[in-house]
Amino acid sequence: MAESEEEDVLVQRVVKDINNAFKRNPNIDEIGLILCPEARYNRSPIVLVENKLGVESWCVKFLLPYVHNKLLLYRQRKQWLDREALVDITCTLLLLNSDFTTAWNVRKELLQCGALNPERDLYLGKLALTKFPKSPETWIHRRWVLQQVLRECSPSSSDRKEQRDSGLRDAAERTRLSERLHRVLHDEMKVCADAASRYPSNYNAWSHRIWVLQNMAQGNLKVLHDELSSMREWVSMHVSDHSGFHYRQFLLKALVRELSQSMHHHHAPWPSPGSSSPRSPSPEPQPGHPHHQANGEATAAAPCLSPATPEDQSSVPAVPQLFHQEMELCTDLIQSFPGHETLWCHRRHVFYLWHHWRRDHDHHDGQGCGSESPQLNHTGAGLSSYPHTASPRGVGLDRVESRNGQTQEGQNAMEVDGVGVPDPRDTKRLKRGPPDPYPPALPSEHGFIASVLDGCRSHEQGCFALAYRKWLDSVIGQ
Amino acid sequence: GTQVKDVVIKSDAPSALLLDKHADYIAAYGSKKDDYEYTLSEYLRMSGIYWGLTVMDLMGQLTRMNQQEISDFIKSCQHDCGGVSASIGHDPHVLYTLSAVQILSLYDNVNVLDVDKVVEYVRGLQQEDGSFAGDKWGEIDTRFSFCAVATLALLGRLDAINMDKAVEFVLSCMNFDGGFGCRPGSESHAGQIYCCTGFLSIAGQLHQVNADLLGWWLCERQLPSGGLNGRPEKLPDVCYSWWVLASLKIIGRIHWIDKSKLRSFILACQDEETGGFADRPGDMVDPFHTLFGVAGLSLLGEGQIKDVNPVLCMPEDVLERLGLHPDLLSYSTPLVPAAIVFNRSSSSMS
């Protein structure tokens, strides 16, 4: 019995050491296990070097069962633990076993009663992810905490007392909340990026990243486009990372949806307060979501970042150009890194999105692809915000295909570079000018496949090219 | 050439099915409860018990497990809200509620639990958009849609939820490739696909699946080693032998994969010394992969193993007793003839 008492004393010391380490150094950015089979005489197993916290492995087999059982005794109301003890114990536990759901739930309750602040908890999660970058329960808990932050930043759920006193939140308060959201959003992107780099094709990290944008940056063109730009380099260095490329597909789809709505001047009624309920996260950005409106007004219903300004919006390329850039990136990578299934999957997805957008877009236009100036009938904010959507890029495809179905035209469309952001002053000229090279078309895709197969030295590359052809024939070219 | 992400099966890898060794492994698992690893995994204990018992039942060895001890344990894991936790003192969750109901169904003893309260708990997790939260804290995932309907199906209480809305939500998670993710807009993943096709089967809505498209995506999971992965460019893992295979079975396209190569892969994942299956050849075994290795072999028609139901991952005879026959699609004239569907596992490596 004395031995177990000794163990208890030791373990309590260790728990204290861990928490003192955090107090001493609030900038700890990584945790890890130090392989060390035996205790050194009278020395703590907790090692703090610069911003890295290490736990010597010999103590873990005492430490974990002790804190684990202590927490469960508390949960079963067999032993009381005060809030501070709970914070310390759950912290230690989750650094050792970050999938222990119940420990995260205890922290949710501490958050609810104000004994813990959300940023502190997000920090613990961030540390846990340096050791366990996939940990499902860590990501799940994180989403709950972020929903609390969203709720705190939401104008509609502001303190009733505050609303009674001196009226509604003033602009300064809104700015403060918006800045907080920006910080939190920025941090989340970093946490996701770190975890994605620590574990290849990290489904949980990337699906969390998508969730964050869906719930904290709905329809925000600037955020979406910044993400698309900043991810280019990352995916180019991680060409097997299917989740990373799927993220780009998500961004593209969201961007296209937002841009298309603006183009068609589609305004749905403002979302009701219920629709942004944290318990049912919105799927993709809903039609007519007011975040991208040029007047920059926040909705009454949902917390939001400062909406994209008209300047932000006009720096986002037009839809056809977005697709062209993405296909170009895909082509470059396929040619540079032969035999990567992920890249071919990406191509399928991007082409599919493009194909369907063109179909829907033509349908919306009501005048088919044949006209030279498709958007003249669109008025107001649409044109002025998106000068280059009036370009004939939205026009060329059918004419290309109608020229005896020659692939030549299509291949030029693929190869031409420099489809840059047009000078708004050129808009009028572009409307009547020669057709610009057009993003992907079936003929050009078949041309691309042929060029890959020709002189292909990678067996896998050949197989994927053939599979892509089969996919085009059966799924697209009905 | 490029190295494809795959394993190479050594020539001395196990090629015979070692059922007795697996039964011994499971029977002895967890007997040393002070083991550090055991504590680490306590947060999912109820599912661990379900994996162990189910694989024992599939091997005809269920009687070696302690029914009374397990029933008592489950009883002490039901909370006032009706939900069941993974272990004593842990918080309730729909994952462990399903596992508990599955275990008790094996024993034909669901009344160890307060069934009405279980139903109330599950009903209470459904959201306005038809989705299901995992617990009171609100995480949404199609896995939980599956857990909810599977639980209710086993209890004969599918009427407790809004099935139309539930279906609507799951369908909103269908992607362009025919697959499903955890939430709308999420990446297709074999595990989520299993949950969603299983869900749609129970809901009687399998016709909403694009079986050819999804079947194609699923059979592209097979690698030259014969093993299956869960997404493009991931390594093969024996648990996908279940999720991918069961999904294919549910949508009537199981013949689209190379069965004999898959069988060889699964057998190679056995550990001849300790018994049990690992995620891939040579790795450490665990009960999770042991169940899915055996269940996968059952789907492939292994005579020594009982038939497993692809929707609920339980012995068919248990579901027979319950009168449960979840829909399966049959194979009809495809849009894309199977012969043309590219099957990498049958092509040679460069």
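## A span of chain B

Let's begin with chain B of this predicted model. The end C-alpha atoms of residues 17-314 lie 20 Å apart, and this span of chain B is 48% helix and 2% strand. UniProt, in an unreviewed entry, lists residues 17-314 of chain B under the name "domain: Prenyltransferase alpha-alpha toroid".

Now let's look at a pair of helices in chain B. Helix α9 covers residues 190-202 and helix α10 covers residues 211-219; their axes come within 12 Å and cross at roughly 145°. The crossing of α9(B) past α10(B) is left-handed.

Which residues make the contact? From α9(B) come B:Ala190, B:Ile193 and B:Thr197, while α10(B) brings B:Leu214, B:Trp217 and B:Leu218. Sorted by type, the residues of this contact are five nonpolar, one polar and no charged.

## An arginine in chain A

Next, find A:Arg348, which sits in helix α14 of chain A, a helix made of residues 341-365. Is A:Arg348 buried or exposed? A:Arg348 counts as buried because its relative accessibility is 11%, and the cut-off for buried is under 20%.

What does A:Arg348 touch, leaving aside residues up to four places away in sequence? In chain A, A:Arg348 touches A:Ala467, A:Tyr468 and A:Trp471, and in chain B it touches B:Phe176 and B:Glu220. With B:Glu220 there is also a polar contact, side chain to side chain, at 3.1 Å.

How values were computed: Residues numbered from 1 in each chain as written. Chains lettered and ligands numbered in written order. Predicted model: local features only at pLDDT ≥ 70, side-chain atom pairs only at ≥ 80, totals over all residues. Heavy atoms only, no water. Helix = DSSP H or I, 4+ residues; strand = E, 2+ residues; numbered from the N terminus. Buried < 20%, exposed > 50% of the residue type's maximum accessible area, 1.4 Å probe, protein only. Polar contact = N/O pair within 3.5 Å; in protein donor to acceptor, adjacent residues only side chain to side chain. Contact = heavy atoms within 4.5 Å. UniProt positions renumbered as here; feature names shortened; annotations may be inferred. Axes fitted to C-alpha atoms, helices over the stretch in contact; angles between N-to-C directions. Left-handed = near helix turned anticlockwise from the far one by under 90°. Nonpolar A, V, L, I, M, F, W, Y, C, P; charged D, E, K, R; others polar.
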